[in-house]
Amino acid sequence: MSRPVDLSPMQRELDNLRVQLCHCNHAGTCLGCQGVEMLRQQVQMVVSAATQPVLMQVAQETQAKELMKQVQEMQERMLRDPEAARAIEELLKYFQAPPPEDH
Ligand SMILES: [Zn+2]
């Protein structure tokens, strides 16, 4: 992959999601805030790992496994909140089906 990845639509979506999930008045202490920030970091990790030339394949695979484990754990925690579960479902579409390119 040679072209830069545009994360801004997803950043907007994450901001939007955080606003909807927040119960701590944006103090960053509630599960909504923490979950969204975690997802933001994970997405950035995914993108940077996936766009890097293959230098440390093994390390990347380990990282990917660890990442999926974290995502899973986070999902399990958030699935207890039906509203969060729906939002996470929406968000996870980014991992499964990237939107079509506009150009
Ligand atoms: Zn909050």
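**Helix 2 and its surroundings**

Helix 2 runs for 21 residues and spans 30 Å from its first C-alpha to its last, close to the 30 Å expected at 1.5 Å a residue. The expected span here is 1.5 Å times one less than the number of residues in the helix. Helices (H or I, at least four residues) and strands (E, at least two) are DSSP runs, numbered from the N terminus. The model is a predicted one, with local features needing pLDDT of at least 70 and side-chain atom pairs counting only at pLDDT 80 or more, while totals for chains, interfaces and linings use all residues. Residue numbers start from 1 along each chain as its sequence is written.

As a reminder, an α-helix has 3.6 residues a turn, so residues three or four places apart point the same way.

The axes of helix 1 and helix 2 come within 8 Å and cross at roughly 165°. That makes helix 1 roughly antiparallel to helix 2, a label for angles over 145 degrees, with under 35 counting as roughly parallel, 65 to 115 as roughly perpendicular and the rest as oblique. Axes are lines fitted to C-alpha atoms, for helices over the stretch in contact, and angles run from 0 to 180 degrees between N-to-C directions. At this crossing, Met-10, Leu-14, Leu-17, Arg-18 and Leu-21 of helix 1 meet Gly-32, Cys-33, Val-36, Leu-39, Arg-40 and Val-43 of helix 2. Contact means that the C-beta atoms of two residues, placed from the backbone, lie within 7 Å.

The loop between helix 1 (8-21) and helix 2 (31-51) holds Asn-25, and His-26 is found in that loop as well. Phi of Asn-25 is near 55°, a positive value in a residue other than glycine. His-26, also not a glycine, has a positive phi of about 65°. Asn-25 is exposed, with 9 other C-beta atoms within 10 Å, and His-26 counts as exposed with 11 C-beta neighbours inside 10 Å.

Helix 3 (residues 57-78) brings in Met-74, which is partly exposed, with 18 other C-beta atoms within 10 Å. Leaving aside neighbours within four places in sequence, Met-74 is in contact with Gly-35 and Met-38. Met-74 and Met-38 are 36 residues apart along the chain, and their C-alpha atoms are separated by 8.6 Å. Ala-59 is in helix 3 too, but is exposed, with 10 other C-beta atoms within 10 Å. From Ala-59 to Ala-49, 10 residues apart along the chain, the C-alpha separation is 10.0 Å.

Overall, the protein chain has 4 helices and 0 strands, following the pattern α-α-α-α along the sequence. Of its 103 residues, 14% count as buried. Among contacts in the chain with a separation of 6 or more, residues 24 or more positions apart account for 50%.

Note on methods: Buried ≥ 20, exposed ≤ 12 C-beta atoms within 10 Å, placed from the backbone.
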